[in-house]
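Below, a few labels are set against the rules behind them.

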Amino acid sequence: EIIVAELFTNQDNTNSIDIRGIIEKIIINESIYSAGIGVEIRIADGISLLDDVKLLGNEKIFLGVIQQGRDNNTLKKFNVELFISSITNFARPKPGLDAYSFICVSKHVYSNQFNICDDEFNNDIGGNIKAICSGKLSIPSELLDIDTGSGAVKGVYPSLKPIDAIKFQMNSASDYLYFYEDLKGIKHLHSHTDLIKKEPIGEYTTAPFYKHPIGTDENYLEQQKKVLKFSSNLDVSKLAASSNGVYSSEIFDLDIYNKEHNTTPRRGFSKDLLNDHGSVSKNNVVFKFEDEPQSRRYYTSSNSGAFNNTENIHKNNNAIAIKESYKHDLNTHKARIITYGNLDVSVGNIILLIIPPTGQHDRSNIFDGYFTGKYIITDIVHRFEKEYQTEMTIKKDSFIQDTDENRIEIQREAK
């Protein structure tokens, strides 16, 4: 339920206009690949708001939503301050009614537009990013969840927007990093390995039947983990994975200080995975994917003369191979699931997806070993329409079963 939707106009930034009655739907997008959430508020305007208020596309909106659980007990809520970035998709479906959309962003996205980072930095990567967030982006400390590490990185920003400066820092890290905002406005900085080590927030299943009677507390909890729709483009391709350096690669580095270059092959990677078994077979008949470093070549430049070659931004250049391997191996399996809405589910969470095998009932302990497993939620679309639903993009880098086992032999009948 939308409990607050207040529009603050340019003419009067202290008194708000309640727009709940003209909201048709709200769609909120969050992603571990995006520094800010994106919000679309679809308006069905029969009161001439657009003309009377003279909306210009920079107004503030305060949005509050609660989710009531069983017996109307208020369980979850969020409040977020948004700013309109554009007004789009205008139509007049019938006389006396205008339809259009407010495309909204968080305040720090506007702050990013108005600032440049060209100063020096001298802290660990998490500390440098936190300084950007609290300084140039004016993000309150209570809205920051930033992992910090050891070891200072020194340098000067080459005239970058703050969010680009954050990406600049992330590229200097020894692990693949994500900087993202969740539904509740918290800005997170976490490494890939830290995220995939998190415990699952729960089990989700595509099983067609409930185990508990409708109307019971147990059934309510079951519905929260019920997958209403499950789909995947699959796109399983070892050719694409090898071209992205998932299994082996090489690094060509040019030292601009002493004008020397060096090529380092990387064959196979020891990685933390979501599940127990990796995405490549150990019984490759023709191709040995983990022994083909020329599958992907990375070009890097370093400066051994900067800060004694210990604290400059190039010190983790050799980590690019493992970081890109983590990044692209996560596309081993990508799926889309739709569930009943849940305000407590966020990108970066781990879920355990249980898929009954084709032709089996959910009351069996047998499960589909291909799709079942731990996934990370990379993207969420929260849809507040007639009912609240959550659409998630989930990814995994591995399998719960050894892919070299459990082969099925299919025999044809003699004709």
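Q: What makes a stretch a helix or a strand here, and where does His108 fall?
A: Helices are DSSP runs of H or I with at least four residues, strands are runs of E with at least two, and both are numbered from the N terminus. His108 is found in helix α2, residues 107–113. The model is predicted, so local features need pLDDT of at least 70 and side-chain atom pairs count only at pLDDT 80 or more, while totals for chains, interfaces and linings use all residues. Residues are numbered from 1 along each chain as its sequence is written, and side-chain values use heavy atoms, with hydrogens and water left out.

Q: Why is His108 called buried?
A: Buried means under 20% relative accessible area, exposed over 50%, and partly exposed in between (1.4 Å probe, protein chains only). His108 has 3%, so it is buried.

Q: Which residues is His108 in contact with, leaving aside its neighbours within four places in sequence?
A: Contact means heavy atoms within 4.5 Å. His108 touches Ala35, Gly36, Leu137, Ile139, Ile163, Glu181 and Lys187.

Q: Why is α8 described as largely enclosed by the rest of the structure?
A: In α8, 8 of the 10 residues are buried, so the description holds. Among them are Ile322, Lys323 and Tyr326. The buried residues pack against α4, α5, β15, β16, β17 and β21.

Q: What makes β11 and β12 paired strands?
A: Two strands pair if DSSP finds at least two bridges between them. β11 and β12 (residues 187–191) are joined by 5 bridges and run antiparallel. Tyr178 stands opposite His190 in β12.

Q: Why are β9 and β11 placed at the edges of their sheet?
A: The open sheet has 3 strands in the order β9-β12-β11, with mixed pairing. β9 (144–146) and β11 (177–181) each have a single partner strand, so one side of each is left without a neighbour in the sheet.

Q: Which element gives the most to the lining of the largest pocket?
A: α4 does, with 5 residues. β11, β17 (297–302) and α8 (320–329) are among the elements that each supply at least two.
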